[in-house]
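I opened the model and kept a list of what I looked up. The entries follow in the order in which I made them.

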Amino acid sequence: MTRIAYEYTKPKTLLNRGTGFLAGYSHTLNPYTGCTFGCSYCYVRQMPVSLFHGNEWGSWVNIKQQSAELLRRELVKAKSKGPVTIFMSSSTDPYQPIEYKEQVTRSLLEAMAEERPQFLLVQTRSPLVTRDIDLLLRFGKQIRVSITIETDREDIRKVFTPNAPPVYARVQALRELAEAGVPVQAAIAPLLPCTERFAELLRPIVSRICMDDYWMGDGSGGRRTQRLGIAALYKQLGLEEWYEPEAYRDVYHQFMRLYAEEELYISQRGFEP
């Protein structure tokens, strides 16, 4: 198992302008820098925050101290200039394992619950998000928790994201959030090889699905993913047909048998406020 290097930092700013794929948001917010999940296909591997760090992506995390008070000040200032919509997080998972101890994300949720943005999307693959149901409910309809569930196959998950939480644990977290009344979606992003029963697994739990792949969602038409050598994993598994721009269509049509068209979103549109 990879030894994780932790470092405490004091950020000068937390809110960043939403650009590119996330241009629909006024701001993005990252409670941490780095990510211990270290997913093989993660587009952040090709971004400066990873390339210039010097250590392998997935082996380090910077913990942003005294973040809540800074965020409160930034929110007041940002809201004075217009509507504030926040995507948390764009280059890390806000529920890093260290969040159990540090509670940076929880402190930021407390700050936002007091100085509420117009909309907040929480993007995670960690069941730890259920710890904060009490805070998430304070946002009413001004929030959506999007849980990444790229496949219903645990064997596939272990190949592509061996350090991420198991599929079953994420599905359970989605169910717990939905039953509590938190607005949720399942983000099949990026779509990984799955079974024909994937839609049957999610239908009783969630009524909003966002489906994405490398070509639509990595911010470069698939070029970043290609540089990561992900194609080799598909070849190793004998599943090369899944590494194609049109592969998502068959899965999308399977979901259409159980979901209405307005419940299915493709790529960027599914993540927008």
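**Entry 1: helix α2.** I looked at the face of α2 turned away from its buried side and found the exposed residues Arg73 and Lys77 there. Exposed means over 50% relative accessible area, buried under 20%, and partly exposed in between, with a 1.4 Å probe and protein chains only. Helices (H or I, at least four residues) and strands (E, at least two) are DSSP runs, numbered from the N terminus.

This is a predicted model, where local features need pLDDT of at least 70, side-chain atom pairs count only at pLDDT 80 or more, and totals for chains, interfaces and linings use all residues. Residues are numbered from 1 along each chain as its sequence is written, and side-chain values use heavy atoms, with hydrogens and water left out.

I then listed the buried residues of α2: Ser67, Ala68, Leu70, Leu71, Glu74, Leu75 and Ala78. They lie on the same side of α2 because they cover an arc of only 150 degrees around the axis. The arc is that of the directions from the helix axis to the C-beta atoms. The buried residues of α2 pack against β2 (15-17), β3 (27-29), β5, β6 and α4 (104-114); contact means heavy atoms within 4.5 Å.

I also checked the length. Helix α2 (residues 67-79) has 13 residues and reaches 18 Å from its first C-alpha to its last, close to the 18 Å expected at 1.5 Å a residue. The expected span is 1.5 Å times one less than the number of residues.

**Entry 2: helix α7.** I repeated the check on α7 (residues 167-180): its 14 residues should span 20 Å, and the end C-alpha atoms are 20 Å apart, which agrees. In α7, I found Val167, Arg170, Val171, Ala173, Leu174 and Leu177 buried. Their arc around the axis is only 160 degrees, so they are on the same side of α7. Tyr168 and Glu179 are exposed on the face turned away from that buried side. The buried residues of α7 pack against α5 (133-136), β8 (143-148), α6 (154-160), β9 (184-188) and α8 (198-202). Just after α7, glycine 181 takes a positive phi of about 100 degrees.

**Entry 3: strand β7.** I asked how many residues of β7 (residues 119-124) are buried. The count is 6 of 6. Phe119, Leu121 and Gln123 are buried on one side, and Leu120, Val122 and Thr124 on the other. In a regular strand the side chains alternate between the two faces of the sheet.

I looked up the neighbours next. Strand β6 (residues 85-88) pairs with β7 in the parallel sense over 4 bridges, where two strands pair if DSSP finds at least two bridges between them. Threonine 85 has phenylalanine 119 of β7 as its bridge partner. β7 and β8 also pair in the parallel sense, over 5 bridges, and leucine 120 has isoleucine 143 of β8 as its partner.

**Entry 4: an open sheet.** I traced 3 strands in the order β1-β5-β4, with mixed pairing. β1 (5-9) and β4 (32-34) each have a single partner strand, so one side of each is left without a neighbour in the sheet. β1 and strand β5 (residues 60-64) run parallel, joined by 5 bridges. Alanine 5 has tryptophan 60 of β5 as its bridge partner.

**Entry 5: cysteines.** I searched the whole structure for disulfides and found 0; a disulfide is a pair of cysteine sulfur atoms within 2.5 Å. The sulfur of cysteine 39 is 6.4 Å from the closest cysteine sulfur, in cysteine 35, which is too far for a bond. Cysteine 39 counts as buried because its relative accessibility is 6%.
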